[in-house]
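Hello,

Here is the structure I promised to pass on to you. Please open it and have a look around before you read the rest of this message.

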Amino acid sequence: MKKLVVLAVLLLVSACGVKPTPVVAAGPAPTLRVPATDGRGTDLILYFVLDDRVAPVARSSDGVAGVEAALSMLLAGPSTDERADGYTTALPRPSGAITVTPGSPATIGVPFPLRPLTGAGINQLVCTAFAALAAQGGYATGGTVALAGPDVLLPYQTCQA
């Protein structure tokens, strides 16, 4: 008899009045479109700072644009029109070459110290590198890249935009 009473109580408690809801349609899953080209004449996605957040900006490339070219454009800063729209940068102007070394993870070498950079600056570099790799049909192993400056190596960075 005790078991029957316990079972009845459990049934009453589990049916606490919460009504089931149907599936709520939220649209398609987010995707990243990768152009099916060899990189000629495609837009590059650069990440600048807008309202204290890292945000993508599309720029046309006038030829083959790899990761190094995209990062060089990023380090040159926002264009006049982008500045007028409120975009800024948390990165210094470079004084040397940018390198990309394949590996697991790929390493992006920059000619300036990384320690003084804010999280936004790190994300500008990482997110722009990921977008450039995707535009070339490439990818970052494990979803990460490493950043190397003259002062420190920052392994396993992911895009936080």
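Below are my notes on two kinds of side-chain link.

Please keep in mind that this is a predicted model.

Let's begin with charge. Side chains of opposite charge can pair when their charged atoms come close. In this structure there is 1 salt bridge. Its partners are Arg 59 and Glu 82, with 2.8 Å from N to O. Where do the two sit? Arg 59 belongs to strand E2 (residues 53–60), while Glu 82 is part of helix H3 (residues 80–84), so the pair ties together parts that are 23 residues apart in sequence. Are these residues buried or exposed? Arg 59 has a relative accessibility of 15% and counts as buried, because the cut-off for buried is under 20%. Glu 82 is buried too, at 8%.

Now for the sulfur atoms. A disulfide is a covalent bond between the sulfur atoms of two cysteines. Searching the whole structure turns up 1 disulfide. It joins Cys 127 and Cys 159, whose sulfur atoms are 2.0 Å apart. Cys 127 lies in helix H4 (residues 119–135) and Cys 159 in the segment after strand E6 (153–157), so this pair links distant parts of the chain, 32 residues apart. Which hand does the disulfide have? The torsion about the S-S bond is about 105°, so the disulfide is right-handed.

Methods: Residues are numbered from 1 along each chain as its sequence is written. This is a predicted model: local features need pLDDT of at least 70, side-chain atom pairs count only at pLDDT 80 or more; totals for chains, interfaces and linings use all residues. Side-chain values use heavy atoms; hydrogens and water are left out. A salt bridge is a side-chain nitrogen of Lys or Arg within 4 Å of a carboxyl oxygen of Asp or Glu. Helices (H or I, at least four residues) and strands (E, at least two) are DSSP runs, numbered from the N terminus. Buried means under 20% relative accessible area, exposed over 50%, partly exposed in between (1.4 Å probe, protein chains only). A disulfide is a pair of cysteine sulfur atoms within 2.5 Å.
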